[in-house]
Amino acid sequence: MNSQTITMNKPMGVNPKYWWAHFLLGFGLMALSIWSYFTPIETYISFALLFSYAMLATGIFEIFNAFNVRKHFQRWSWVFLAGFVDLVIGCYLITYESVTLSILPYILGIWLIFRSLTFIMFYWKINSTEKISKWALAIAFLNLIFALVILINPLIGELSLVYLVSFALFFMGLFRITLGFQLWNG
């Protein structure tokens with residue numbers, strides 16, 4: 001078998017049975033990315049709510065994934081923790097929209113760094129037992145770069161923030177779709 005594909009003979013941090021969930025989350029994140037790119041003013045005004053629900057959905061998905069892999073993945077608690085953090089932050093942001101809008105660049109930057117590092121650790125964990133495309137790692141690092149740009153200069157302007165987050169969401173979606181595709185073909 002090609003070294004660039006995942007083989008499903010060994011347990012790992014995802015359940016190949018749920019490849020479709022990675023596709024759905026990936027396409028959802030990419031759709032959100034494209035919408036925000038083409039409607040920047042409306043996006044920034046409504047970003048607090050959209051981002052809050054995206055975090056909530058990501059948290060629910062990660063918790064669901066953690067429970068599905070707990071019998072096969074020794075460190076499933078890390079997947080659960082990442083999902084729980086997203087769920088709690090998502091609920092907080094939904095509850096306090098006005099606060100969310102004023103601190104949005106910081107929240108987004110920190111969240112995107114957290115997710116990027118999670119993706120990078122996930123890649124190294126899987127790659128130690130399975131072979132996964134290096135594109136997944138490259139996408140995770142691109143996401144990290146976008147997150148750092150947001151945190152380094154959070155006052156770069158509403159439109160710049162929208163575009164940077166749009167690109168980061170696109171790459172997060174691409175990571176999920178790449179993973180789902182490899183699970184499906186595994």
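Q: How far apart are the end C-alpha atoms of helix α2, and what would a straight helix reach?

A: This is a predicted model, in which local features need pLDDT of at least 70 and side-chain atom pairs count only at pLDDT 80 or more, while totals for chains, interfaces and linings use all residues. Residues are numbered from 1 along each chain as its sequence is written, and side-chain values use heavy atoms, with hydrogens and water left out. Helices here are DSSP runs (H or I, at least four residues), numbered from the N terminus, and the expected span of a helix is 1.5 Å times one less than its number of residues. Helix α2 (residues 40–69) has 30 residues, yet its end C-alpha atoms are only 38 Å apart, short of the 44 Å that a straight helix would reach.

Q: Where is the kink in α2 centred?

A: The bend at a residue is the angle between axes fitted to the seven residues ending there and the seven starting there. In α2 the kink is about 65° and is centred on S46.

Q: What span does helix α5 reach, and which of its residues are buried?

A: Helix α5 (residues 134–152) reaches 27 Å from its first C-alpha to its last over 19 residues, close to the 27 Å expected. An α-helix has 3.6 residues a turn, so residues three or four places apart point the same way. Buried means under 20% relative accessible area, exposed over 50%, and partly exposed in between (1.4 Å probe, protein chains only). In α5 the buried residues are A136, L137, I139, A140, N143, L144, F146, A147 and I150.

Q: How many aromatic pairs does the structure hold?

A: Rings of Phe, Tyr and Trp (its six-membered ring) pair if their centres lie within 6.5 Å; planes under 30 degrees apart count as stacked, over 60 as edge-to-face and the rest as tilted. The structure holds 19 aromatic pairs. One of them, between Y37 and F38, is edge-to-face, at 5.1 Å centre to centre with 90° between the planes; Y37 is partly exposed at 35% relative accessibility, whereas F38 is exposed at 63%. Another, between F146 and F167, is stacked, at 5.9 Å centre to centre with 25° between the planes. This pair links distant parts of the chain, with F146 in helix α5 and F167 in helix α6 (residues 158–185), 21 residues apart. F146 has a relative accessible area of 15% and is buried, while F167 is partly exposed at 35%.

Q: Which residues form one aromatic cluster with Y37 and F38?

A: The cluster also holds F146, Y163, F167, F170 and F171.

Q: How many residues line the largest pocket, and which helix gives the most to its lining?

A: Rolling a probe the size of a water molecule over the atoms shows where empty space is left. On a 1 Å grid over the protein atoms alone, a pocket is an open set of points where a 1.4 Å probe fits, with protein on both sides within 12 Å along at least five of seven lines, and lining residues have an atom within 4 Å of a point. The largest pocket is lined by 20 residues, of which W78, V79, T118, M121 and F122 lie nearest its centre. Helix α4 gives the most to this lining, with seven residues.

Methods: Helices (H or I, at least four residues) and strands (E, at least two) are DSSP runs, numbered from the N terminus.
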